Each structure stands twice: as C-alpha cells, then as structure tokens.
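Subject: Structure handover

Dear colleague,

Here is the structure I said I would pass on. My notes follow below it.

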Amino acid sequence: MSAALISLTTKAGCRDKKFWRIARWSLAALILLLPLLAMQFTTEVAWDFADFMIFGALLAGAGGVYELAMRVSGHRAYRAATAVALAAAFILIWVNLAVGIIGDEGNPANLMYVGVLAVGIIGAIITRGQPRGMACTLSVMAFAQALVPVIALLFLKIAPISGPAGLTILVLNIGFIILFVGSALLFRRASGPRRPAEPAPEKY
C-alpha cells in the first residue's frame, strides 16, 4: 500500500515538474512574440531579424540556466532567488544593448556592466550554484553594480549627478542593486540556518 502511494506521489511530482517546465518555456516564447505583436500596431517598435535572434538567445540562455539551477536545489527560496538574479541580468544586458544605461548603447562606460555579470558567472562556477556561495556572489554583484555609477559620475564625469542624466543613471543602478540584494537574501534563506559551532574540547 505504501509502495503504491509513493509511486503515485512520484508520478504526480513528475507531472507537476513537466507542467511547469512547459509553462516556463511557453512564457518565454510568448515574451519573444510580444515585440512582433507590438510592431503590428506601432512604428515605435522596429525590430529586425538580428534583434529577435539576440532576444531569443538571451531568453533561451536564461531558461537553460534556470533549468540547471533547479537540479541544485528544489527549495522555493532558491528558485525565487535564481529567477530574480536571472531577470536582473537579462534586463541589464538587454537595456545596455538597446539604449544603454550610461549615455547611449555606444558609450564605452557601459562595458563596466560586463564586470558585474562576470562576477556572477565566475561566482556560480566556483560555488557550483550552492545557496550560501550564491548569496555571497549576489552580494558582490550588488557591490560591483554600486561601483559603476560612482565611477561613471564621480571619476569619469559622464553626467552631472544633480542633472536628469545623472539621476537616471543613479535610479536605474539602484533598481539593479535592489534586485541583486533581494536575490542574495533569498539565496541565504535557501541555505538554511547555520549549524551552531561545536564547543572546543576541554584541556586537562
């Protein structure tokens, strides 16, 4: 009886996983089609084949990384942390490619964001996606993200801090910092409570 119940539970779990996997990839396909739909109603959106290829590659990459992350941990907080981190990285890449965060998309200062993403990639490889290590990685990414506007506005003097351009740069970067910090907190939650340190053996 118990074996049959376990078998039914396992089959139900597999069906749920398959359902959510199909749902995730269907959502990605829908997002890819949204610009095409918008092009039918407005001239403000004018994508070419290369734009769709890049956008599709980013969606596929984010989806693939998420699938790999699910093999590391099934904790809900871990899944949420991964989704937030991937969403932040996706938006960061796309905004830089489309219009640029610092100035326009051709401003070389935007290359500093490559360093932010490199921290995440290297950190994920070193920690093998383990939640505690990923929490540290996302914290470092948030710090690196915070350094970008400081360097751009104070040292490179891309734009006056009090001007519209400077405020836009600050607001956009603060938004990404919040996302990275939020992801770090979720990863930390997924790692669970730390074990209390064992007392040192008494010396006689």
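A residue is called buried under 20% relative accessible area, exposed over 50%, and partly exposed in between (1.4 Å probe, protein chains only). The model is predicted, so local features need pLDDT of at least 70 and side-chain atom pairs count only at pLDDT 80 or more, while totals for chains, interfaces and linings use all residues. Residues are numbered from 1 along each chain as its sequence is written, and side-chain values use heavy atoms, with hydrogens and water left out.

Overall

The protein has 6 helices and 0 strands, where helices (H or I, at least four residues) and strands (E, at least two) are DSSP runs numbered from the N terminus. From the N terminus on, the order is α-α-α-α-α-α. Of the 204 residues, 31% are buried. A contact means heavy atoms within 4.5 Å; among contacts between residues at least 6 apart in sequence, 62% join residues at least 24 apart. The accessible surface comes to about 13,500 Å², and carbon and sulfur atoms hold 71% of that surface. Accessible areas come from the Shrake-Rupley method with a 1.4 Å probe, and for residues only the protein chains shown count as cover.

Salt bridges

Which residues carry the salt bridges? A salt bridge here is a side-chain nitrogen of Lys or Arg within 4 Å of a carboxyl oxygen of Asp or Glu, and the whole structure has 2 of them. In one, Glu67 pairs with Arg21, with the closest N and O atoms 3.2 Å apart. Glu67 lies in helix α2 and Arg21 in helix α1 (residues 2–39), so this pair ties together parts 46 residues apart in sequence. Glu67 also meets Arg24, at 3.1 Å from N to O. Because Arg24 too lies in α1, that pair ties together parts 43 residues apart in sequence. Glu67 counts as buried at 16% relative accessibility, whereas Arg21 is partly exposed at 38% and Arg24 is partly exposed at 30%.

Helix α3

Helix α3 covers residues 76–98. The expected span of a helix is 1.5 Å times one less than its number of residues, so the 23 residues of α3 should span 33 Å; the end C-alpha atoms are 32 Å apart, which agrees. Its buried residues include Tyr78, Leu86, Phe90, Leu92, Trp94 and Asn96. The buried residues of α3 pack against α2 (49–72), α4 (112–127), α5 (131–155) and α6 (164–191).

After α3

Just after the helix, Gly100 takes a positive phi of about 85°. Asn110 sits in the loop between α3 and α4 and counts as buried at 7% relative accessibility. Its side chain reaches the backbone oxygen of Asp104 at 2.9 Å. Leaving out residues up to four places away in sequence, Asn110 touches Asn96, Gly100, Ile101, Ile102, Asp104 and Glu105.

Nonpolar patch

Patches are made of residues with over 30% relative accessible area and no salt bridge; like charges are joined within 9 Å, and nonpolar side chains (Val, Leu, Ile, Met, Phe, Trp, Tyr) within 5 Å. One nonpolar patch of about 810 Å² is made by Phe143, Leu147, Val150, Ile151, Leu154, Phe155, Leu156, Ile158 and Ile161. Leu154 lies in helix α5 and is partly exposed, with a relative accessible area of 45%.

Regards

Definitions and conventions. Polar contact = N/O pair within 3.5 Å; in protein donor to acceptor, adjacent residues only side chain to side chain.
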